[in-house]
Amino acid sequence: MINTGTIKIKDDEFVELKDIIYKNAAIAFADSKKYLIENRLSKRLQELNFSSFKDYIYYLKYDSKKREEMEILLNHVTINETYFLRERAQMDHMIKNVIPELIAKGKRNIRIWSAACSSGEEPYSIAILLNEAGLFGKANIEIIATDINTEVLQIAQKGIYRTISFRGVPPAIQQKYFTKDGFTFKLDPNIMNKIKFFQGNLSNPMLGSKVGKLDVIFCRNVLIYFDVPSKTKVIDLFHKSLNVPGALYLGHSETLNKISVSFKMENFGGGIIYRK
Ligand SMILES: C[S@@+](CC[C@H](N)C(=O)[O-])C[C@H]1O[C@@H](n2cnc3c(N)ncnc32)[C@H](O)[C@@H]1O
C-alpha cells in the first residue's frame, strides 16, 4: 500500500539534515522549520521506499547516487517565491541611473547578474524594462542568471508562466511581451534570448570564475536564508566580481549592516543601492 502521509523527522535527524543542507547550499534552517522539511521531503522518501529520515540521510551520505540526490534535495527545500517586476523601483533605478551613467562613461559592454533568479521572472523583468527604455540599442548588454535549483531553471528556460507570476504587472506590458495559451503565458523569444541561465551555487567559491566581471548584481530575497558568515562570503564574492563603478541591489528586507563596509550605501527613495 502506498503511504501518502507525512514522515516525521526526529530531532537528531533534523540536526544532521540541516547540517548537510547548510554545508551544500549555505541555507540555515531554523528549528521552527522542521515541518517544512517533513512536508517537502516525505513524498521523496516514499518514492525511494524509505520509512525514516535516518535511511534518507544514510542514502544522501553514502549511496553511489548521492550527488544526484543532493540536487533533488536542494530542489525540494529551496523557497522559490518570485514574480515579474518584483520590487520594481530598484530595476527602474538601474534603468534610469546606473546604465545611462555607464553608457555616458563610454562603456559599451555591460554585464548584469541576477544571482538566485528562481524561475526567471527577475532577469526577464530586467530585460523587458531595458527593452522598454531602448537601452539594448545603446550598449551590448549581457544578462546572466543563476540559481542553485535546477527545476526552477528549467521553468525559466521554457519562458512559460501562470497568472500568479503577473501580480502587479501592467496589462499593457503583459500583452506586449507574452502570448496567452490557455491558462499560461509564453514570453517573447526576443526577450528570452537576452538571458543566459546556468546553475550557480552562491556558496561555491568557484562561482566567481564562472560568472566573471560584472557591472550590476541583483541578489534579492535569498540572503535572508543565510547566516552571517555565509552572507559575508557571498558579499565578498560580489565585491570581487564587480567592476568600478559597480552596483549591487539586495532585497528590501536584506542589508549589509554588520556584514560588509566595502560598499557605499545610497538610499534613492525607492530602495537602496550599494555602490562599488
Ligand atoms: C525567494 S527566491 C528569490 C528569487 C528572486 N531573486 C526574487 O527576488 O524574486 C530565492 C532563490 O534563491 C535560491 N537559492 C537558495 N540558496 C541558494 C544558493 N546557495 N545559491 C544560489 N541560489 C540559491 C533558491 O533556489 C530560490 O530560487
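Counting up the secondary structure first, the protein has 11 helices and 10 strands. What you're looking at is a predicted model. Its radius of gyration comes out at 20 Å, close to the 19 Å that the globule rule gives for 276 residues, so the protein is as compact as a globular protein of that length. Laid along its principal axes, the C-alpha trace spans about 65 × 50 × 35 Å.

Of the 276 residues, 50% count as buried. The protein exposes about 14,100 Å², and carbon and sulfur atoms supply 53% of that area. As for how the chain comes back to itself, take the contacts between residues at least 6 apart in sequence: 75% of them join residues at least 24 apart.

Now for the strands. Strands of a sheet pair through backbone hydrogen bonds, either parallel or antiparallel.

β1 pairs with β2 in the parallel sense, over 7 bridges, and Arg111 stands opposite Glu142 in β2. For an antiparallel pair, go to β8 (residues 242-250) and β10 (residues 272-275), which are joined by 2 bridges. There, Ala247 has Arg275 in β10 as its bridge partner.

What lies across this sheet?

Follow the chain out of β7 and you come to Arg220, in the loop between β7 and α11 (228-241). Is Arg220 buried or exposed? Its relative accessible area is 4%, and anything under 20% counts as buried, so Arg220 is buried. Setting aside residues up to four places away in sequence, Arg220 touches Arg86, Glu87, Gln90, Met91, Ala115, Glu122, Tyr249, Leu250, Gly251 and Glu254. One of these, Glu87, has its backbone oxygen 3.1 Å from a polar atom of the Arg220 side chain.

With a relative accessible area of 76%, where over 50% counts as exposed, Lys258 is exposed. Lys258 and Arg111 are 147 residues apart along the chain, and their C-alpha atoms are separated by 28 Å.

An open sheet of 3 strands has the order β3-β5-β4, with antiparallel pairing. Its edge strands are β3 (160-162) and β4 (178-181), each pairing on one side only. The twist here averages 35° from one strand to the next. Zoom in on β4 and β5 (residues 184-187), and you'll see them pair in the antiparallel sense over 4 bridges. Among the residues involved, Asp181 has Thr184 in β5 as its bridge partner.

Definitions and conventions
Residues numbered from 1 in each chain as written. Predicted model: local features only at pLDDT ≥ 70, side-chain atom pairs only at ≥ 80, totals over all residues. Heavy atoms only, no water. Pairing = 2+ DSSP bridges. Rg over C-alpha atoms; globule rule 2.2 N^0.38 Å. Buried < 20%, exposed > 50% of the residue type's maximum accessible area, 1.4 Å probe, protein only. Contact = heavy atoms within 4.5 Å. Areas by Shrake-Rupley, 256 points an atom, 1.4 Å probe, with all protein chains shown as cover. Polar contact = N/O pair within 3.5 Å; in protein donor to acceptor, adjacent residues only side chain to side chain. Axes fitted to C-alpha atoms, helices over the stretch in contact; angles between N-to-C directions.
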